[in-house]
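Hi everyone, thanks for coming. Today I'd like to walk you through one structure, a few helices and loops at a time. Please have a look at it first.

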Amino acid sequence: MKALIVLENGFEDVEALCTYDILKRSGFELVKCSLNELVVHTSYGHNINTDCLIKDLVNPEENFDCLILPGGKAVFNVLDKSEEIDKLIDKFYFKNKLIASICAAPLLIGKRGYFEGLEYTCFPGCDEKIKKGKKVNDGVVVSAKFITATSMYYSIDFSLEIIKYLQGEEQKNKILNNIMGK
């Protein structure tokens, strides 16, 4: 499995790094990308090297099994204002690829109307721009080709649902037992 994870200045540390870590444990190849810089800064001051810029990706919807969008201030300060991010989401959406978003990031999908007829969750108040769909108060929601999560608290569950969606229940349980020390 190959996943593309978008990191931009101000992304939520745990949501991105926990997801990255757990998916790596499950054998995923992960590519970290950003809009403008190869070194980005987390919400809490860590510097993270990315692998590439989004503009340099060639047919990401063909070359990746899923798109992962962590939340944090980056969603409001950068990503919500980016046509490049909108186009990237569209590419995955129209290829019926999994799009996983957590905290504030579901608004990037929902503002495009892509949750129509589906349930989703997000951080409280981040649903104001979401045009369609039904917000529920669950920690993690899997609906059609979307996985959404409420907040960083649910990062492990979010990651495990990505594994289940792409690799199956048995692999999810294997990784869960591994991280629980069982």
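Let's begin with helix 7, which covers residues 169-180. The expected span here is 1.5 Å times one less than the number of residues in the helix. Helices are DSSP runs of H or I with at least four residues, strands are runs of E with at least two, and both are numbered from the N terminus.

Before we go further, a word on where this comes from: the model is predicted, so local features need pLDDT of at least 70 and side-chain atom pairs count only at pLDDT 80 or more, while totals for chains, interfaces and linings use all residues. Residues are numbered from 1 along each chain as its sequence is written, and side-chain values use heavy atoms, with hydrogens and water left out.

Back to helix 7. Which of its residues are buried? They are Q171, K172 and I175. Looking down the axis of helix 7, these buried residues fall within an arc of 105°, so they line one face of the helix. That arc is taken from the directions from the helix axis to the C-beta atoms. On the face turned away from the buried side, helix 7 carries the exposed residues E170 and K174. For the cut-offs, buried means under 20% relative accessible area, exposed means over 50%, and partly exposed is in between, with a 1.4 Å probe and protein chains only.

What do the buried residues of helix 7 pack against? Their partners are helix 1 (13-25) and helix 6 (155-167). Contact, by the way, means heavy atoms within 4.5 Å. And just after helix 7 you will find G181, with a positive phi of about 75°.

Now let's take the pair of helix 6 and helix 7. Their axes come within 7 Å and cross at roughly 145°. The contact is made by I156, L160, E161, I163, K164 and Q167 on the helix 6 side, and by E169, Q171, K172, I175, L176 and I179 on the helix 7 side. This crossing is right-handed. If the term is new to you, a crossing is left-handed when the near helix is turned anticlockwise from the far one by less than a right angle, and right-handed when clockwise. The axes are lines fitted to C-alpha atoms, for helices over the stretch in contact, and the angles run from 0 to 180 degrees between N-to-C directions.

Next, helix 1 with helix 6. Their axes come within 9 Å and cross at roughly 40°. That makes helix 1 oblique to helix 6. On this scale, angles under 35 degrees count as roughly parallel, over 145 as roughly antiparallel, 65 to 115 as roughly perpendicular, and the rest as oblique. Helix 1 passes helix 6 in a right-handed crossing. From helix 1, V14, E15, C18, T19, I22 and L23 meet S155, I156, F158, S159, L160, I162 and I163 of helix 6.

Helix 1 deserves a moment of its own. Its 13 residues should span 18 Å at 1.5 Å a residue, and its end C-alpha atoms are 18 Å apart, which agrees. The buried residues of helix 1 are D13, E15, A16, C18, T19, I22 and L23. They pack against several elements, including strand 1 (2-6), strand 2 (29-34) and helix 7. K24 is also found in helix 1, and K24 is partly exposed at 42% relative accessible area.

Finally, the loops. Is S151 buried or exposed? At 14% relative accessibility, S151 counts as buried. S151 sits in the loop between strand 11 (146-149) and helix 6. Leaving out residues up to four places away in sequence, S151 touches E15, I102, C103 and F123.

D65 lies in the loop between helix 2 (60-63) and strand 6, and at 27% relative accessibility D65 counts as partly exposed. With the sequence neighbours up to four places away not counted, D65 touches M1, K2, K97, L98 and L166.

One last stop is N96, in the loop between helix 4 (83-94) and strand 7. N96 has a positive phi of about 55° although it is not a glycine, and N96 is exposed, with a relative accessible area of 56%.
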